[in-house]
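Subject: Structure handed over, with notes

Hello,

Please find the structure below. My notes on what was found in it follow.

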Amino acid sequence: MVLFLSCRDTKKEQAETEAAIEEIEAVETEVEEISTEVEKESKELEEALKELDSI
Amino acid sequence: MKQIKNIIVMLIFSMLLGNQISYAQQKTKETKEKVVKEKKEIKQKKDKAAKEVKKEIQLERKELSKDSKSEIKDLKEKMKNASPEESEQIQKKIEALKKNNKEEKEKIKEERKDMKEEQDDDVKPMEVVDKEDNSEGNAYGKNKGELKGRAFGQSRANEARQKISVSQDQLEKRKEVVVSARQRIDNAKKRLEIAKAEGEMTDEQVSAKEVKIKRAEEKLLQLEQTLKKSNEKLNKNKEKLEKVYENKQ
């Protein structure tokens with residue numbers, strides 16, 4: 001009985017962890033996308049600003 | 001009767017064994033959580049030190065660039081009224097100033113590298129532990145070194161939180177970039193107005209420069225909007241992470 005309960009708890013915990021990890025990975029992916037987009041736009045702005053220095 | 005006795009003995013034995021197993025599991029969980037906490041504290045200390053160094057270097061850079069820029073501006077203004085010989089001399093001075101600026105920037109970079117190396121040396125043992133942890137990949141449930149299940153999930157959540165805070169710091173820095181970019185665009189507009197008033201440029205030249213200014217303004221606006229949206233997204237993701245383990249407690 002104890003072994004059965006312990007196994008059941010482990011499985012439940014594993015399923016919960018799986019779900020949590022999926023959510024966490026989704027968050028991390030979004031954070032990476034944000035960083036990439038901001039980086040790209042900053043570079044574009046910097047290039048546009050460099051052209052202004054000749055004015 | 002004997003069978004009943006045997007069954008009772010077996011039951012008592014299995015209950016004792018079960019208790020022992022659950023006790024042992026709890027103990028390992030506690031020690032793992034302690035390790036995770038210690039790691040987190042050391043990482044936070046490292047981040048703080050790195051931020052302080054960065055701030056100092058940024059301040060130095062700003063001061064340097066302000067001084068040299070103002071000098072260069074003054075010289076350029078002088079150039080307008082100077083004779084060809086004087087203007088050559090002024091041009092040389094400007095070039096020398098620019099060279100100095102570059103050299104000083106390189107020095108700051110080297111200092112920064114040295115500081116980083118020092119910090120890395122301080123935290124080396126922990127990094128070695130981290131590498132060992134990462135070597136086991138991203139399988140669910142029982143990975144991340146010796147961490148398993150809930151402890152692993154919590155450590156992954158902490159990592160994600162740290163990534164978000166790093167990303168938020170980057171956004172803050174970008175806001176400073178936006179302010180300086182606006183300043184540069186305003187300066188360019190002023191310079192163009194002066195040039196127009198003095199009749200130094202043809203209509204084509206003026207319109208080409210106006211296009212450049214407009215393009216920079218568009219890029220600036222785009223970045224501002226992205227920064228705003230990104231900040232909102234990061235805050236939402238932070239809340240999501242808080243809820244991931246809140247719901248399951």
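Of the 55 residues in chain A, 25% count as buried. Chain A holds one helix and zero strands. Please bear in mind throughout that this is a predicted model.

In chain B, which has 249 residues, buried residues make up 12%. Five helices and zero strands are found in chain B, and the order of its elements from the N terminus is α-α-α-α-α. For contacts within chain B between residues at least 6 apart in sequence, 67% link residues that are at least 24 apart.

The model has an ipTM of 0.81 and a pTM of 0.51. Chain B has a mean pLDDT of 76, with 72% of its residues at 70 or more. Within chain B, confidence is highest in H5(B), at a mean of 91, and lowest in helix H3 (residues 124-134), at 41. The pLDDT is below 50 over residues 122-143 of chain B, and this stretch makes 23 contacts in the model beyond near neighbours in sequence. Where pLDDT is low, the coordinates should not be read in detail.

Now to where the two chains meet.

H4(B) itself is 50 residues in length, and from its first C-alpha to its last it reaches 73 Å. That is close to the 74 Å expected at 1.5 Å a residue. Just after H4(B) comes Gly199(B), which has a positive phi of about 70°.

Is Ile164(B) buried or exposed? Ile164(B) is buried, because 22 other C-beta atoms lie within 10 Å and the cut-off for buried is 20 or more. Leaving out residues up to four places away in sequence, Ile164(B) touches Val31(A) in chain A, and Leu234(B), Asn237(B) and Lys238(B) in chain B. Ile164(B) is also 9.9 Å from Asn231(B), C-alpha to C-alpha, though 67 residues separate them in sequence.

The other is Leu220(B), in helix H5 of chain B. Why does Leu220(B) count as buried? Leu220(B) counts as buried because it has 21 C-beta neighbours inside 10 Å, which meets the cut-off of 20 or more. Apart from neighbours within four places in sequence, Leu220(B) is in contact with Leu45(A) of chain A and with Val178(B), Ala181(B), Arg182(B) and Ile185(B) of chain B. One of these, Val178(B), is 42 residues away along the chain, yet its C-alpha atom is separated from that of Leu220(B) by 6.8 Å.

In short, Ile164(B) touches a residue of chain A, Val31(A), and Leu220(B) is in contact with another residue of chain A, Leu45(A). When you look at chain B, please keep in mind the pLDDT below 50 over residues 122-143.

Regards

Definitions and conventions: Residues are numbered from 1 along each chain as its sequence is written. Chains are lettered from A and ligands numbered from 1 in the order in which they are written. This is a predicted model: local features need pLDDT of at least 70, side-chain atom pairs count only at pLDDT 80 or more; totals for chains, interfaces and linings use all residues. Helices (H or I, at least four residues) and strands (E, at least two) are DSSP runs, numbered from the N terminus. The expected span of a helix is 1.5 Å times one less than its number of residues. Two residues are in contact if their C-beta atoms, placed from the backbone, lie within 7 Å. pLDDT is the predictor's confidence in each residue, from 0 to 100.
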